Amino acid sequence: MFLNKWLSGSALIVLLLAGCGDDSSTDIKGKSVDVEEVDSKEKVLASEDFDKMYTNPKKYKKYEVTYVGKVLQSPEVDDDGIYLQVYAKPEKYEQNTIVYYPDATFKVSESNYVEIVGIVKDEFVGENMMGAELKMPLIEAKEMKVISYTDAVAPTLQAIDVQEAKDQHGYQLTLEKVELADSQTRVYFTVTNNSKHKINFYDFNSKLIANGKQLEKEEIYESDLKSVQSDILPGASSSGVVIYPALEEGTTKIQVYAEGSSDNYELSIEPFMFDVKID
């Protein structure tokens with residue numbers, strides 16, 4: 001089976017794990033692992049039961065699971081497929097799962113987010129480099145695709161297309177759109193320099209005002225969203241996203257506040273203010 005082949009040839013698993021169950025009693029690296037009999041019919045695991053499956057994979061053998069995770073380290077690849085370690089709770093770096101996907105041409109890299117539809121095959125039991133016991137599910141993926149940070153961690157619930165531009169002395173700031181998610185609010189800006197001098201954008205000073213509260217920019221280092229460049233030369237433009245906390249339920253409008261400056265100190269660039277309605 002692919003599992004035994006993987007264990008014998010994969011540096012990824014040799015480094016992390018000392019043994020694993022198979023579809024029958026198996027001896028791997030000196031450990032005997034007995035596997036319980038299960039019904040051959042596949043069942044679908046409800047998303048709210050994933051935590052239960054993670055703590056006892058043997059009980060859920062042959063269940064179909066669908067989840068999103070983050071690739072822990074560089075994948076292993078051979079002629080039969082690709083082998084990954086994936087955090088099932090990427091926002092907390094928890095719930096490490098082992099994933100096999102029988103497509104050696106699939107392109108995925110360390111730190112990518114992936115959406116997985118697969119079958120619980122078994123449970124790995126072994127030790128990490130510090131000697132601590134590890135138990136984690138082995139998932140054989142039927143479908144797998146790379147997705148963005150946004151889709152993985154904070155899917156868009158509502159997108160508000162704004163497309164409003166304001167200009168001061170050739171410093172043009174455009175509020176492109178606002179995206180609302182359960183855990184964050186994303187504001188998309190484009191800064192265009194139509195002046196003869198370098199200009200600056202201060203995303204760290206940008207703010208949202210909602211329901212009388214001031215929301216500050218959040219630093220999320222795992223995000224793959226681009227930031228607006230801080231220095232923009234004459235004739236150039238830069239686009240990017242600033243992330244803020246999630247809005248309170250029932251919010252009907254927000255005010256977006258952004259700051260910038262020009263290297264021509266004779267010019268005064270006042271704060272840019274945008275009013276955005278939320279349906």
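This is a predicted model: local features need pLDDT of at least 70, side-chain atom pairs count only at pLDDT 80 or more; totals for chains, interfaces and linings use all residues.
Trainee: Why is F272 called buried?

Mentor: Its relative accessible area is 2%. The cut-off is under 20%, so F272 counts as buried. Across the protein chain, buried residues make up 47% of the 279 residues.

Trainee: Where does F272 lie?

Mentor: F272 is in strand β19 (residues 272–277). Strands here are DSSP runs of E with at least two residues, and helices are runs of H or I with at least four, both numbered from the N terminus. The protein chain has 4 helices and 19 strands.

Trainee: Which residues does F272 touch, leaving aside its neighbours within four places in sequence?

Mentor: They are K166, Q168, Y171, L173, V256, Y257 and A258; contact means heavy atoms within 4.5 Å.

Trainee: What makes the pair of F50 and Y67 tilted?

Mentor: Rings of Phe, Tyr and Trp (its six-membered ring) pair if their centres lie within 6.5 Å; planes under 30 degrees apart are stacked, over 60 edge-to-face, and the rest tilted. A search of the whole structure finds 9 such aromatic pairs. For F50 and Y67 the centres are 4.9 Å apart and the planes at 45 degrees, so this pair is tilted. F50 belongs to helix α3 (residues 50–55) and Y67 to strand β5 (residues 63–71), so the pair ties together parts 17 residues apart in sequence. Both F50 and Y67 are buried.

Trainee: How do you know whether Y171 and F272 are stacked, tilted or edge-to-face?

Mentor: Their centres are 5.3 Å apart with 35 degrees between the planes, and the pair is tilted. Y171 is in strand β12 (residues 171–180), and the pair links parts of the chain 101 residues apart. Y171 is buried too, like F272.

Trainee: What makes K177 count as lying over the face of Y188?

Mentor: The rule asks for NZ of Lys or CZ of Arg within 6 Å of the ring centre and within 35 degrees of the ring normal. K177 lies over the face of Y188 at 4.6 Å from the ring centre. K166 lies over the face of F274, at 5.0 Å.

Trainee: Why is K62 called partly exposed?

Mentor: Its relative accessibility is 27%, so K62 counts as partly exposed. K62 is in the loop between α3 and β5, and its phi is near 75 degrees, a positive value in a residue other than glycine.

Trainee: Is Q95 buried or exposed?

Mentor: Q95 has a relative accessible area of 12%, so it is buried. Q95 is found in strand β8 (residues 94–101), and it also has a positive phi, about 65 degrees, although it is not a glycine.

Technical notes:
Residues are numbered from 1 along each chain as its sequence is written. Side-chain values use heavy atoms; hydrogens and water are left out. Buried means under 20% relative accessible area, exposed over 50%, partly exposed in between (1.4 Å probe, protein chains only).
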